[in-house]
Amino acid sequence: MQIDEAHFRAIVLELIDNNPLACRAVLSICDIDFTDRVETLAVTLGRPSSLKVNLQFVQTHCANENHVKALLIHEFLHILLRHTSEIKIMTPALNVALDAVINAIIHRRLGADYSEMMSRYYEDAPGPLRLLRPMNSRDQWLWQNLQRSETLPSPGHHEELEFFRAWKAVYEGTLVADDMLDLCRRFCSQEIEELLKGGRGLLGGHCWEGGGLEVLEVDVAARLKGALQTIDGTGIWRDAQRMTQGCLRKPPPVSRIHGEWRSATRALLQRLIVPDPRSRVAREEPASFALPVLNASDRRGCLRTLWNPLLPEVVWSTAIRKPAGSVQVYLDVSGSMNAELQALLALLAGLLPWIKTPFWAFSTEVVPAVIRKGRLETHTSGGTSLSAVLAHAAKTRPRTALIITDGFVEKPKPSLLRSLRNQRIEALVSATGTPEVLENLGIPVTRLPMPPETAAG
Amino acid sequence: MGLALNNCRQIIRASLLGAVGKRIACPRGLVVGLPVAPGGDYLAWCRRLLAQRGLRDTEELKSLPGLPPGAWICRDIPQQGPPVEESPADPLLHAAILGLCNPVFYSPRRPVIWTESRLRRRVELFAIGDFYAD
């Protein structure tokens with residue numbers, strides 16, 4: 001079957017329409033990009049999300065539409081499992097484990113018509129790479145022979161028997177994703193790495209060199225969470241119920257935030273806080289009022305009642321609660337902040353009452369952001385533009401503003417800076433950032449100290 | 001006395017589909033399915049039909065006369081069934097309807113999706129109006 005671009009698009013549309021394993025969540029937001037820059041298929045999530053397809057690979061290895069669908073579902077499940085299992089760095093062993101679980105899910109849920117793609121592609125796969133396809137009739141025969149000869153073991157018999165048990169279990173769904181990942185974390189990945197170098201690449205061609213787990217956009221994360229709630233996770237995860245509730249990327253606990261960071265940031269915020277009637281924090285201020293009732297603290301008032309024929313006015317003092325004020329904050333969410341963003345979020349989560357709402361995130365544009373349960377909900381274009389922040393501050397006219405960034409920003413237009421003459425803007429630069437550009441612009445900078453564990457290393 | 005109950009196997013089958021003259025009814029409409037395509041390549045055959053008719057895009061099929069209006073329930077039927085009278089003569093109309101059917105519903109508001117698996121189906125359509133009218 002010769003699959004052309006129009007046919008491939010129709011297959012994707014059909015898959016979105018039929019929605020097996022809730023794959024619509026990701027596929028429906030992806031533009032299709034036919035390119036030979038990827039070896040097989042790849043999905044990038046962001047703005048815009050894109051499904052990159054090497055059509056020649058599809059034409060060579062997919063004999064029918066079900067094979068193409070299997071390939072697409074494989075990509076979707078790879079994203080879903082990687083994010084739910086929070087695999088930040090992909091190693092060859094983890095990649096094989098994850099792919100084995102994915103291919104087993106496809107085999108169990110969608111049948112042999114779909115997993116035939118994997119059976120063909122990995123037909124000659126050696127050693128542990130056999131996990132990537134369901135057992136064929138020859139493997140079944142070998143498995144039966146291994147079981148029969150258990151009483152008369154040969155060298156390597158035990159290992160092979162264990163391997164076949166795991167292989168059978170993963171395709172029956174009794175060995176789930178968590179078990180396989182645990183297993184592979186313990187394995188030495190050297191053998192797998194060498195086998196992969198010698199043979200053909202994995203479906204999806206997931207690179208494990210420097211390929212960290214991307215931060216999901218809010219809408220993509222919500223879609224994945226929706227997909228998790230839709231599919232039955234039984235046979236995929238040990239605790240399917242917990243996975244269904246969604247646990248995409250947890251922030252570090254606030255307690256782990258370095259104490260110096262918290263005190264430096266709090267001091268900076270205190271300097272910048274301005275009165276705000278909508279502030280969520282209240283502070284008590286002394287106040288007084290007059291009553292015709294005597295009290296011991298206003299002795300002068302008491303004396304006045306002895307000679308003054310009018311109704312006495314005795315001063316009573318009290319305290320009234322007033323909004324404590326807040327500060328407008330702009331948080332840099334560009335790609336260069338990825339490494340420190342979670343720690344900064346945990347830091348800000350503890351100082352939220354003093355941050356004016358909406359709280360703003362910026363990349364090449366300024367957008368509203370929310371920190372909900374320690375997780376940042378916003379979107380980013382990936383770049384950084386200080387001009388966008390200054391233009392926004394000039395437009396919204398806050399009396400004070402705090403920019404949290406790593407300092408890797410371009411120089412803004414001088415006219416923008418001039419428009420902010422009566423506004424006070426300061427910057428908080430992350431521990432690994434650089435204050436130079438901001439200092440050159442005349443923006444006061446507070447730099448977070450290096451965390452002790454990093455400083456020591 | 002008859003057989004003990006645990007030795008009996010009863011199969012109960014009921015369907016609203018095709019019911020005529022009942023208060024709740026989903027009467028049967030068209031039956032669609034393409035004849036066996038030359039070379040078994042339904043997609044290529046349908047694309048040729050599309051080109052012969054001077055249409056460039058499958059979405060243009062929505063303007064074909066005879067396309068059932070509104071949503072219908074669709075059900076797969078065996079490929080080797082007898083010919084049905086309700087079947088339209090134009091094979092391109094069959095292809096258009098099949099492209100507008102997902103596993104459960106037909107709707108002309110959906111995109112026309114032409115894949116081998118959809119074009120190979122043989123389906124019968126049932127009106128849903130009477131079921132939801134009450």
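I count a residue as buried if 20 or more other C-beta atoms lie within 10 Å of its own, as exposed if 12 or fewer do, and as partly exposed in between; C-beta atoms are placed from the backbone. Helices (H or I, at least four residues) and strands (E, at least two) are DSSP runs, numbered from the N terminus.

This is a predicted model: local features need pLDDT of at least 70, side-chain atom pairs count only at pLDDT 80 or more, and totals for chains, interfaces and linings use all residues. Residues are numbered from 1 along each chain as its sequence is written, while chains are lettered from A and ligands numbered from 1 in the order in which they are written.

**Chain B, helix H2.** I looked up residues 91–99. B:His94, B:Ala95, B:Ala96, B:Ile97, B:Leu98 and B:Gly99 are buried there. What do the buried residues of H2(B) pack against? I find strand S1 (28–33), helix H1 (42–52), strand S3 (105–106) and helix H3 (116–119) of chain B. Contact here puts two C-beta atoms, placed from the backbone, within 7 Å.

**Chain A, backbone.** Most residues other than glycine have a negative phi, and most peptide bonds are trans. I noted departures.

A:Asn19 has a positive phi, near 55°. A:Asn19 sits in the loop between helix H1 (5–18) and helix H2 (24–27). A:Asn19 is partly exposed, because it has 17 C-beta neighbours inside 10 Å.

A:Arg397 also shows a positive phi, about 55°. Its loop runs between helix H16 (386–396) and strand S10 (400–405). Is A:Arg397 buried or exposed? I find it exposed, with 12 other C-beta atoms within 10 Å.

A:Thr357 and A:Pro358 are joined by a cis peptide bond, omega about -5°. I place A:Pro358 in the loop between helix H15 (338–349) and strand S7 (359–362).
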